[in-house]
Amino acid sequence: MKVLKVLKKIGKVLLIIVLVISMLLVVGLNYKTVLASHKNKDVIELAKSMDDINVPDNVKIFGLGEASHGAVEFQESKLDVLKILVEKHGFKAIVLEADFGDCLEANAYIQGGEGDAREIVNKMSFVIYHTQQMADLLDWMREYNQSVPEEECLRIYGFDMQNPDKGYAFLSDYMDKNGISGIDVSGIEYLLDENRQARLNKEQAQKVKDELSQIREAIESKAGNDFDFDTTCAVKVTQNIEVTVDYMMFEGINAEMSAFRDRAMAGNVSWILDLEKEIGSGKIMLAAHNGHIGKKGHNITLITTMGNELKNKYGDSYYCLGTDFFKGTFNSSVIRTSADDPYMRKNYYVTTADPMAYQAKYMEDKKFYLDFEDLSAENDKALYDLVHSNVTTGSVGEGFYGLGYLIHSSYRINIAPTELYDGMLFYYSISPIDPEFEA
């Protein structure tokens, strides 16, 4: 009996030790979150409502970021901010981190074309857009266009260039409608063959480019001086697919490949802005991951960013608004360790340890806006110093895995917010999108 009592006491002591160690590990792994979880009156006093978003008169490109692709709140923010830019600042176009070709059908829909918004977004190349929130964006734009004269209508574009399928579908349809035929497109068809496993070699890549060049020449010859919107986009599609071919020639994902993509996206943004200067207000809103709209790169694979390219070219005419959250769940594709692994998506919960985002807890709608340009080094010293110093914030890419929880650098960055953005939107918590897709 005495031995049994002793063993029970030892068991209790061991259990207590295990619990204490577990608690210490949890606190140790999340000490930054604990440190960030306190009320900051300086932030709260200067926090503004999203309705107070400031857009200087000289801004032609307004970039809205998202700390995670897979959160409902960041997808909703696209429409929230677009409404403000359209209704208060005269913007006429939104440009998504989506392939140029992907958004052509979406644009036709908001101009009054046939179709269903949810079906259209569900066909986009990026699964992150297969959501009701994105369908709501299209429906609002369509309804807005029905209420204004044609010259006041909104447009939607994509600035990415990784998936040429939808672009070529638009191009093929355009060629059929305009009687353009007799051009060899076997190289393009091989490029788009879903059963193709081998990478293109240089000769195959050149063949694709030659075919695209012939198509472009045929379009320009047929159109003459009569360039309408569809003709302009058809020419752009041929150019974008050529860029995609160059992008595909990189071996493995690396900093050089990422830089190529961001430069190409910046080039597309410039092209869209020039077009909007002719047919719209000459002001465009960008919606993309924080990592792309930021004024500089924040990790070894994001040295050159689209935002950096745009800032260098347009100066203060480019304004970027980053976003962050303190805690919450996002939806992401599961990183595959083998080519045979099926495509899967899961919800993941993380904390960012962002001391500013934590303050959204005290806001009525659990979110707020800060314009860094409004902060004074003299009058707002505490907050001014905070946003000009390294702060831990969230940055979740499309692709996650279980062990990522333990590697904070996989979903957090540590850099001065003012180095990346001109202002930020902060949310206390986020919730996961629920995209439709075929596994």
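**Close-up 1. Cys103 is a buried cysteine in this predicted model.** Its relative accessibility is 1%, so Cys103 counts as buried. The closest cysteine sulfur to that of Cys103 belongs to Cys233 and lies 11 Å away, which is too far for a bond. A disulfide would need the two sulfur atoms within 2.5 Å.

**Close-up 2. Cys153 takes part in no disulfide.** For Cys153, the nearest cysteine sulfur is again that of Cys233, at a distance of 15 Å. Cys153 has 9% relative accessibility and therefore counts as buried. The count of disulfides in the structure comes to zero.

**Close-up 3. Helix H7 covers residues 132-146.** With 15 residues at 1.5 Å a residue, H7 should span 21 Å, and its end C-alpha atoms are 21 Å apart, so the two values agree. Buried residues of H7 include Met134, Leu137, Leu138, Trp140 and Met141. Arg142, Tyr144 and Asn145 are also among the buried residues of this helix.

**Close-up 4. Helices and strands cover the buried residues of H7.** Among the covering elements are helices H4 (72-89), H5 (102-110) and H6 (117-122). Strands E2 (93-99) and E3 (155-160) also contribute to this cover.

**Close-up 5. The structure holds one cavity of 30 Å³ or more.** The largest cavity contains about 80 Å³ of space. Its lining includes Asp99, Phe100, Gly101, Asp160 and Met161. Helix H11 (residues 229-248) gives the most to the lining, with four residues. Val237, Asn240, Ile241 and Thr244 are also among the lining residues. By type, the lining divides into five nonpolar, five polar and two charged residues.

How values were computed
Residues are numbered from 1 along each chain as its sequence is written. This is a predicted model: local features need pLDDT of at least 70, side-chain atom pairs count only at pLDDT 80 or more; totals for chains, interfaces and linings use all residues. Side-chain values use heavy atoms; hydrogens and water are left out. Helices (H or I, at least four residues) and strands (E, at least two) are DSSP runs, numbered from the N terminus. The expected span of a helix is 1.5 Å times one less than its number of residues. Buried means under 20% relative accessible area, exposed over 50%, partly exposed in between (1.4 Å probe, protein chains only). Contact means heavy atoms within 4.5 Å. On a 1 Å grid over the protein atoms alone, a cavity is a set of points where a 1.4 Å probe fits but cannot get out, and a pocket is an open set with protein on both sides within 12 Å along at least five of seven lines; lining residues have an atom within 4 Å of a point. Grid points are joined across faces, edges and corners, and a volume is the space filled by probe spheres set on the points. Ala, Val, Leu, Ile, Met, Phe, Trp, Tyr, Cys and Pro count as nonpolar, Asp, Glu, Lys and Arg as charged, and the others, Gly among them, as polar.
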